[in-house]
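Subject: Structure for you to look at

Hi,

Here is the structure I promised to pass on. Please open it alongside these notes, which go through what I found in it.

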Amino acid sequence: MDLVIRYVNKKGEVIERFLGIVHVNDISALSLQKTIYDLLLDHSLSSSKLCGQGYDGASNMQGRINGLKSLILQDVPSSYCVHCFAHQLQLTLVALSKKHPDVNNFFDVVTNTLNTIGASFKRREILRQYQVEKLEELLKSGEILTGQGLNQERGLQRPGDTRWGSHFKTLEKFLIIFSSIVNVLNDMQQDSLLSLDRFAAKNLLGNIQEFEFVFLLHLIFKMLLFTNELNKALQKKDQDIVNAMRLLDLAKIRLQTMRESEFEFLMNEVYSFCGKHDIMIPKMDEDYPRSKRKRSGVSYLHHFSVEIFYAAIDLQLHELNSRFDVVTSDLLLGMAYLNPIDSFANYDKDGIMKLAEYYPNEFDDNKLRDLSFQLDSFIVYARMPHSKFINLKGMKDLAIVMAETKLDQTWCHIYLLVKLTLILPVATASVERAFSSMKLIKSDLRNSISEEFLNGCLVCNIERKVFATVSNDAIIDLFQSMKTRRVQL
């Protein structure tokens, strides 16, 4: 288990720092709570000062009664927990694929295709060769341009329920290297020595070269494209919860717009793709030949396209609304009332006061009264034409400006409320980066590295900007003073 703390420094900047990684034998909530408290104590940090907590969706973390977040809330009632937005976003797609049979079958075909090709080094090498040939062909025809960072080699990536953005990356690559995948499966169908492999290749070819599959490939990719922007934004260290909510609303609006007016545009993209890859385009005004799927007066394929288009988007919107129901909570609404966008257009004093009441350890009755007086003066000042609060883009900008102009001392209670808003994490991106760093550090050559040494290497690797400010002379002096050495360092 690794622990990252989030705080606001004296300059009003949101900072996330990696504290360390700890090996836990017992993953029960009580054991994890003790481990966290011990790690905080090792760094002279008090658990009573916690103002927020964030985890993934594991049951031992999110349990309402005996989960880790509930145990910490019992000790520190103001340490509110926000489920990692990026994980919730991923779960909306997982729910879509599990609740809609056609989408579920679609991802089964994609996964089986990638597994079949990726299981053999020879097939992966053939796939690369076909990509090279296709690239050379496109360059000669002038359809693509050369340049730094362009035309990167595309590999295979399998989608994972818990890997952020993995479904989007998988479908993006599937679209780009579709012709190479078809060529590999054709070779496999003709040249494979095993009849089972030939049958698998024939079956997969039949599936991915059907109009229904191509339509779903473009539909799901387009839906994921809208939410992928939100997914990438959530992985920024300084992302605040108010901006995350605004990005979530934007994703919902784009999905709704797609539902209302972009069906024909999507169909044109599907037709173009089918024509480019020699996939038969059925006539939408004719009945489908399979008698069980015929619809009176309407062809099956037309009915399928329209039905799944609206059903998939409606289900995705429903999942976004249900999983992100915290939007309607007093806590997050109170934070939105402090948002400086458009000269505090959403300002609501009563809502802000209600937000402050959620932090009784910080705001007693006297401080609440003072906060009320400060808000009256602050909003007038902030909306003045020459105020430095004009054209701010989010809560983090508000904190920085207040710190720079020393207004954090004039309106100290408002600044405290802004800091409490910024401290609440919206994603566990920093924690995920720590696990990625651990894979780089604990390699095959260092697989017996001790936990203490691993933790030290991780801190130096993850917080490299901090250590870059430490001079070599200071490090030498420290090691020299640790014990008597034969050689002067």
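Asp376 is partly exposed, with a relative accessible area of 38%. Its salt-bridge partner is Lys349, and the closest N and O atoms are 2.9 Å apart. Lys349 sits in helix H16 (residues 349-356) and Asp376 in helix H17 (residues 365-382), so the bridge ties together parts 27 residues apart in sequence. Lys349 is also partly exposed, because its relative accessibility is 23% and the buried class stops at under 20%.

Before going further: this is a predicted model.

**The chain overall**

The chain has 489 residues, and 45% of them are buried. It holds 24 helices and two strands. Take the contacts with a separation of 6 or more: residues 24 or more positions apart account for 67% of them.

**Other salt bridges**

The search of the whole structure turned up eight salt bridges. Besides the pair above, two are worth a look.

One is Asp38 with Lys34, at 2.9 Å from N to O. Both residues lie in helix H1 (residues 29-42). They are four residues apart, about one turn of the helix. Lys34 is exposed, with a relative accessible area of 53%. Asp38 is partly exposed, at 34%.

The other is Arg123 with Asp197, at 3.5 Å from N to O. Is Arg123 buried or exposed? Arg123 is buried, because its relative accessible area is 18% and the cut-off for buried is under 20%.

**Around helix H5**

Arg123 turns up again in the contacts of Thr116. Thr116 is in helix H5. Its relative accessible area is 15%, so Thr116 counts as buried. Setting aside neighbours within four places in sequence, Thr116 is in contact with Arg123, Met188 and Leu204.

Helix H5 (residues 101-118) also packs against helix H10 (residues 211-233). Two numbers describe a packed helix pair: the angle between the axes and the distance between them. Here the angle is about 100° and the axes are 10 Å apart. H5 and H10 are therefore roughly perpendicular to each other. Which residues meet at this crossing? From H5 come Asp102, Val103, Phe106, Phe107, Val109 and Val110. From H10 come Phe213, Leu216, Leu217 and Ile220.

**Ser180 in helix H8**

Ser180 lies in helix H8 (residues 178-191). Ser180 is buried, with a relative accessibility of 3%. Again leaving out neighbours within four places in sequence, Ser180 is in contact with Leu127, Tyr130 and Gln131.

**A loop position: His43**

His43 is in the loop between H1 and helix H2 (59-62). His43 is partly exposed, with a relative accessible area of 37%. What separates His43 from Leu19 in sequence and in space? The two are 24 residues apart in sequence and 8.1 Å apart in space, C-alpha to C-alpha.

**A nonpolar patch on the surface**

Last item. Val466, Phe467, Val470, Ile475, Leu478, Phe479 and Met482 form a nonpolar patch on the surface. Together they have about 610 Å² of accessible area. Which helices supply at least two residues each? Helix H23 (464-467) and helix H24 (472-482) do. The largest share, four residues, comes from H24.

Val466 is one of the patch residues, and its place is in helix H23. Val466 counts as partly exposed, because its relative accessibility is 32%. Membership of a patch needs over 30%.

**Where to start**

- The H5 and H10 crossing, at about 100°.
- The Arg123 and Asp197 salt bridge, together with the contact between Thr116 and Arg123.
- The nonpolar patch, to which H23 and H24 each supply at least two residues.

Best wishes

Technical notes
Residues numbered from 1 in each chain as written. Predicted model: local features only at pLDDT ≥ 70, side-chain atom pairs only at ≥ 80, totals over all residues. Heavy atoms only, no water. Patch = residues over 30% accessible without salt bridge, like charges linked within 9 Å, V, L, I, M, F, W, Y side chains within 5 Å. Areas by Shrake-Rupley, 256 points an atom, 1.4 Å probe, with all protein chains shown as cover. Salt bridge = Lys/Arg side-chain N within 4 Å of Asp/Glu carboxyl O. Buried < 20%, exposed > 50% of the residue type's maximum accessible area, 1.4 Å probe, protein only. Contact = heavy atoms within 4.5 Å. Axes fitted to C-alpha atoms, helices over the stretch in contact; angles between N-to-C directions. Parallel < 35°, antiparallel > 145°, perpendicular 65-115°, else oblique.
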